[in-house]
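Here is a short briefing to read alongside the structure below. It starts with a few charged pairs and then steps back to the whole chain.

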Amino acid sequence: MKKLLYAAGCLLMLGATSCESFLDETPLSNLTPENSFKTEEDWNSTLTAAYGALQNITAGFEAKYAITLGEFGTDEVKPIDLGWAAYAELHYYTFSASHEFLDNHYTLCYDGIKRCNIVIDMPADAPVSAQGRNMMIAQAKFLRAVLYFDLVRMYGGVPLWTTGSVDKDQIMKPRATADEVYERIVQDLRDASNVLPTSWDSATDKGRATSYAAYAMLGRVLLQWGNPGEALKALDQVYGKFHLYDNYADIFSPEHKNEEYENIFEVQFKHSGKWGEEGSLQHSYWGPRGVGGPTAFGGWGGFGPSQYLYDSYATDYDGTPVTDRRQEEFFWTEYAGVAQTPPAIKKFWDSKYGNEIENDDLNFIFIRYADVLLMRAEALNATDDNTSAKYDCINEVRRRAGLDDITAEDNLSKEEFASAVLLERLKELCCEHHRRFDLIRFGKLAEQVKAAYPEDNINIRDFHVLYPIPQSAMDANDAITENNPGY
């Protein structure tokens, strides 16, 4: 039974690809238990499919639903089309376990996890060199950690499947606790960081996970789990190894893909010439509205920054008026003679291919150095560091925006400095799939949502820090007997 299920999993997993350099490979499509995994290339094709799973939860064709779960229902993004019930339910917190976007996201994460598990379970006698085997497994552990992290921070404890072959008596599996899931994620990232290189030498390998990506991700995970001391140790492995671009547009520009200057890990996309394949949807969904849609370098208008987000750039953490470069760099108030109210986001702009529907050439910037600097400032503050280190980190980000330094002479309390970091994260990392989780980590989700939309009468409750386990997942798994409280 194990062998048959394992082979069936291979057949299923190898049906997807990713893009850009090593991701251009096309996995074999006619595998059987007799002819699969006969070469190192066969195994690398499976790993390629695992990388492709990240497209599905970030900015790929399949992610048009999943991506909303980290953005809608926050102070930084308000769906433009509230006539669509699925959007309105997320904004007003009236969603249930039957919401289709939850089912989409949950399924895509586990689909990717299965791909990772196949590689991680690679037998010792596989036709792969020892070094190649270790590198493939390390990359798969990094990817599995990313996918489980997306699950645990959205749903809390979820079933932990960690093997590529599953006996029929293991298919129905109860939820692990959130702590158990976090423990698995942390161990996977530690394992990966000990094996992966700091950079890949070959241009064709750019885009693969590195040890820096694993450490940065580990810092993110440990902060969310409430362990800033250990997070700081991980972030220290990345601190000083990257830089900030002078030009904000360079962060997201296709001309600067995989430069490893500011961007530490990028999910690979490329314009493919055909809708629904390897292109990103970022330009289409965030672009300016009322100018003809994607075919005229505009957007669908589905995802829009809130007026609250735009207005936040006008004042600093202490309420004083400021001129923040990012307000002009990140937003349009007018495009092609059409006023944008609220302003449209300029970050995800593809001047060459943005006129094609869901087929731009932008990588999804998953981890960048500005995020590491702000996480490190947060961790230092949380651990009561009494040096200038936390100021150095936050000020490196602020200086690029043209803002004055925050110093010890400003006499900010621990809580006031934390609020300054949270505001800085809003302004720097807006619409990059961080805000919901930042607000939850700082304990301010309900407070900020109500502040951003005081007239919307949003009935957000304490239990909304977790989404419900999708009803379809509960129906398919008899071992999950209860949903999250409140649902």
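**Charged pairs and overall build**

Lys414 is partly exposed, with a relative accessible area of 35%. Please keep in mind that this is a predicted model.

- Asp384 is exposed, at a relative accessible area of 53%.

**Two pairs between α6 and α7**

- Asp191 and Lys141 form a salt bridge through their side chains, at 2.9 Å from N to O.
- Asp191 belongs to helix α7 (residues 178-195) and Lys141 to helix α6 (residues 130-155), so this pair ties together parts that lie 50 residues apart in sequence.
- Asp191 is partly exposed, with a relative accessible area of 22%, while Lys141 is buried, with 17%.
- A salt bridge also joins the side chains of Arg144 and Asp188 (2.8 Å, N to O).
- Here Arg144 sits in helix α6 and Asp188 in helix α7, so the pair ties together parts 44 residues apart in sequence.
- Both partners are buried: Arg144 has 3% relative accessibility, and Asp188 has a relative accessible area of 0%.

**Salt bridges across the structure**

- Searching the whole structure turns up 32 salt bridges.
- One network, built from salt bridges that share partners, joins Glu262, Asp316, Asp324, Arg326, Lys347, Arg368, Arg398, Arg400, Glu424, Glu428 and Glu432.
- The protein carries 45 positive and 74 negative side chains, and the centres of these two sets are 3 Å apart.

**Fold and dimensions**

- The secondary structure comprises 19 helices and six strands.
- The radius of gyration is 22 Å, close to the 23 Å that the globule rule gives for 487 residues, so the protein is as compact as a globular protein of that length.
- Taken along the principal axes, the C-alpha atoms fill a box of roughly 70 × 50 × 45 Å.

**Burial, contacts and surface**

- Of the 487 residues, 59% count as buried.
- Among contacts between residues at least 6 apart in sequence, 70% join residues at least 24 apart.
- The protein exposes about 18700 Å², and carbon and sulfur atoms supply 49% of that area.

Technical notes:
Residues numbered from 1 in each chain as written. Predicted model: local features only at pLDDT ≥ 70, side-chain atom pairs only at ≥ 80, totals over all residues. Heavy atoms only, no water. Salt bridge = Lys/Arg side-chain N within 4 Å of Asp/Glu carboxyl O. Helix = DSSP H or I, 4+ residues; strand = E, 2+ residues; numbered from the N terminus. Buried < 20%, exposed > 50% of the residue type's maximum accessible area, 1.4 Å probe, protein only. Rg over C-alpha atoms; globule rule 2.2 N^0.38 Å. Contact = heavy atoms within 4.5 Å. Areas by Shrake-Rupley, 256 points an atom, 1.4 Å probe, with all protein chains shown as cover. Lys, Arg positive; Asp, Glu negative; His and termini not counted. Charge placed at Lys NZ, Arg CZ, Asp CG, Glu CD.
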